[in-house]
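Please keep the structure in view while reading.

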Amino acid sequence: MTKTEIVEELCSDLVLEQDRLREVLVGLAEADWTLPTPAVNWTIHDQIAHLAHFDFITRLAISRPDRFVAVRETMVDLQTYVDLIGPANLSRTGEDMQRWWSEESSKLIDAIATADPERRVPWFGPQMSLPSKITARIMETWAHGQDIRDALGVTSSSSPNLVHVARIGALALPNSFAVRGMDVPTAAVRVELDADDGTVWSAGPEHAAEKVTGPLEDFCLVVTQRRHVADTALQTDGSTASTWMEIAQAFAGPPGPGRAPGQFAAPTHSTPDHENGGQS
């Protein structure tokens, strides 16, 4: 597969993930936008504001890297910048929020379609390949969508894009330790995850002594810090694997607080979207 074909396929997957979340947002009452999500101090309004703004920032990094770098250099603290996006857009109604995100996500797709597939994209850490940047947007859309589903009590069918999230999560093992000032382990970890369709997704040396096994979706929830490992069916074998699942972080930036053990005590079950009626 050529780099162009890879970018086109990932772009289609990103559109699919965006559409899956839009289905959840359809019909929300204005009051629903102020519902708290599991992310501390973040409402549904804040979650969509984050996605809309960072779709714009990603487009800037792809299409106008010079402008992106200039914006990045004005940021004193990335986490403060992130946390202020929601409050800065409080005047937008729920309808406005949906329109804003729709416009920004559409413009991002257009920017990807016209970009050089070999382009290196600047970001808040090291530069990224264009496919990696698109994959990161898929992860972000899915993870923030999960926060919104949790706030609404919605249980959707598993995303077909979970393999993208898992891949980022597995590759981010060293970063999970490094952002906490911990020594990056030298022990290799094998990851073997069961997808809903009966296939197994894997990463890492086949005969590694350290292992993480269990449901694909649970692994994605843990590495994006949407669930504590104790609230999933994941199993670990070895001290490195065990520690990693306690601190796993697939996204850039400072260490995230994640979720507390017992916050989501019920097992994760997936059912088709049409059986849930959108909201609890």
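Contact here means heavy atoms within 4.5 Å.

## Basis

This is a predicted model, in which local features need pLDDT of at least 70, side-chain atom pairs count only at pLDDT 80 or more, and totals for chains, interfaces and linings use all residues. Residues are numbered from 1 along each chain as its sequence is written, and side-chain values use heavy atoms, with hydrogens and water left out.

V189 lies in strand β3 (residues 189–194). Strands (E, at least two residues) and helices (H or I, at least four) are DSSP runs, numbered from the N terminus.

V189 has a relative accessible area of 9%, so it is buried. Buried means under 20% relative accessible area, exposed over 50%, and partly exposed in between (1.4 Å probe, protein chains only). Setting aside neighbours within four places in sequence, V189 is in contact with L173, A203, G204, P205, A208, E210, K211, V212, T240, A241 and W244. P257 is 68 residues from V189 in sequence, and their C-alpha atoms are 23 Å apart.

## Helices α2 and α6

Helix α2 (residues 44–63) packs with helix α6 (residues 94–114) at about 25°, their axes 9 Å apart. Axes are lines fitted to C-alpha atoms, for helices over the stretch in contact, and angles run from 0 to 180 degrees between N-to-C directions. The pair is therefore roughly parallel. Angles under 35 degrees count as roughly parallel, over 145 as roughly antiparallel, 65 to 115 as roughly perpendicular, and the rest as oblique.

The crossing of α2 and α6 is left-handed (the near helix is turned anticlockwise from the far one by less than a right angle). Contacting residues include I48, L51, F56 and I62 in α2, and M97, W100, W101 and L108 in α6. By class, the contact of α2 with α6 has twelve nonpolar, five polar and four charged residues. Ala, Val, Leu, Ile, Met, Phe, Trp, Tyr, Cys and Pro count as nonpolar; Asp, Glu, Lys and Arg as charged; the others, Gly among them, as polar.

## Helices α8 and α10

The axes of helix α8 (residues 162–171) and helix α10 (residues 216–223) come within 9 Å and cross at roughly 50°. That makes α8 oblique to α10. Their crossing is left-handed. L162, V163, V165, A166, G169 and A170 in α8 meet L216, E217, F219, C220 and V223 in α10. These residues divide into nine nonpolar, one polar and one charged.

## Cysteines

C220, part of the α10 side of that contact, is buried at 0% relative accessible area. C11 is buried at 10%. The whole structure has zero disulfides (pairs of cysteine sulfur atoms within 2.5 Å).
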